[in-house]
Amino acid sequence: MEIIITSNYNKLCEECIRIISDRLHQKPNLVMGLPAGKTPLGVYRKLVRAYHQGNLDFSRIRIFNLDEYVGLPTDSKHSFHYYLWNNLLRHINIKRSNIYLLDSTKPDLEKASQNYEKKIKAMDGIDLMMLGIGKNGHIGFNEPGSSLSSRTRVKTLIPTSAQSKPRFVLTMGIGTIMEAKEVIILARGNAKAGIVKKMVEGSITADVPASVLQWHPRVICILDRASARLLKKKKYWQWIRKHKIEMVEKD
Ligand code: GLP
């Protein structure tokens with residue numbers, strides 16, 4: 001895992017944009033997986049701004065989303081479909097035919113899940129998966145205890161995640177996420193500090209689904225200072241990062 005500890009949320013978003021821009025310039029038809037949640041909102045805002053300033057072109061990008069509530073119409077304000085559409089997709093020059101969002105309104109969700117997996121495979125997999133992390137370590141809606149090799153499927157939310165929201169969700173599986181060629185995971189704020197420590201420095205366990213990312217060959221974990229504060233090896237991570245930057249600058 002590459003750990004990037006930033007001084008604040010704005011810097012966290014800038015780091016993320018730097019990586020996305022780089023990958024998009026390298027491969028204009030990049031296949032991305034995108035999450036919902038509060039954490040990536042600043043990244044989406046900056047992507048829209050970069051597009052309007054003429055710095056990024058999304059005309060060939062292909063997008064998959066990570067998860068969705070079951071039982072919500074796609075135009076419901078609470079759906080991730082609505083979220084992604086309004087926070088990013090409708091503001092950039094992405095082709096509609098390149099947008100693949102989980103459709104939880106389909107009558108046969110098992111088939112819809114299998115078709116989603118097939119579509120990802122047909123694109124030769126996801127190049128860059130962006131993730132947030134739940135306070136209990138979930139990625140997507142893979143709650144603690146989810147199989148570490150799970151695929152896209154219907155899941156039941158645990159009470160703390162569901163609260164007043166729908167109880168069932170569709171989510172890419174942990175196995176699906178792990179097949180992405182590169183993963184960026186973002187965490188922000190004090191409330192995530194405990195789980196960030198477990199994800200980065202704890203044991204790999206289904207009890208902390210995000211910990212399985214330690215097994216992935218290309219993960220970049222972008223943190224703000226607050227979410228990184230409990231890392232035991234904070235100085236070590238910062239040292240590695242500093243020297244990596246120096247090495248890149250020398251080239
Ligand atoms: C949600 C979503 C995840 C998201 C996570 C963190 O429940 N299923 O995809 O990454 O929780 O959300 P936030 O960024 O708002 O903390």
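Tyr236 lies in helix H9, which covers residues 234–250. The structure is a predicted model, and the points below take up the nonpolar patch to which Tyr236 contributes, an open sheet of 3 strands, and the backbone of Asp124.

**Surface patch**

- Tyr236, Trp239 and Ile240 together make a nonpolar surface patch of about 340 Å².
- Tyr236 counts as partly exposed because its relative accessibility is 43%, a value that falls between the limits of 20% for buried and 50% for exposed.

**Open sheet**

- The 3 strands of the open sheet follow the order S4-S8-S7, and their pairing is antiparallel.
- Strand S4 (67–69) and strand S7 (153–156) are at the edges, where each has a single partner strand, so one side of each is left without a neighbour in the sheet.
- On average, and with direction ignored, neighbouring strands of this sheet are turned by 30° against each other.
- S4 and strand S8 (residues 168–171) run antiparallel and are joined by 3 bridges, and Tyr69 stands opposite Val169 in S8.
- Strands of a sheet pair through backbone hydrogen bonds, in either a parallel or an antiparallel manner.

**Loop residue**

- Asp124 is found in the loop that runs between helix H4 (109–122) and strand S6 (128–131).
- Although Asp124 is not a glycine, its phi is positive, at about 70°.
- Most residues other than glycine have a negative phi.
- Asp124 is also exposed, because its relative accessible area is 59%, and the cut-off for exposed is over 50%.

Methods:
Residues numbered from 1 in each chain as written. Predicted model: local features only at pLDDT ≥ 70, side-chain atom pairs only at ≥ 80, totals over all residues. Heavy atoms only, no water. Patch = residues over 30% accessible without salt bridge, like charges linked within 9 Å, V, L, I, M, F, W, Y side chains within 5 Å. Areas by Shrake-Rupley, 256 points an atom, 1.4 Å probe, with all protein chains shown as cover. Salt bridge = Lys/Arg side-chain N within 4 Å of Asp/Glu carboxyl O. Helix = DSSP H or I, 4+ residues; strand = E, 2+ residues; numbered from the N terminus. Buried < 20%, exposed > 50% of the residue type's maximum accessible area, 1.4 Å probe, protein only. Pairing = 2+ DSSP bridges. Axes fitted to C-alpha atoms, helices over the stretch in contact; angles between N-to-C directions.
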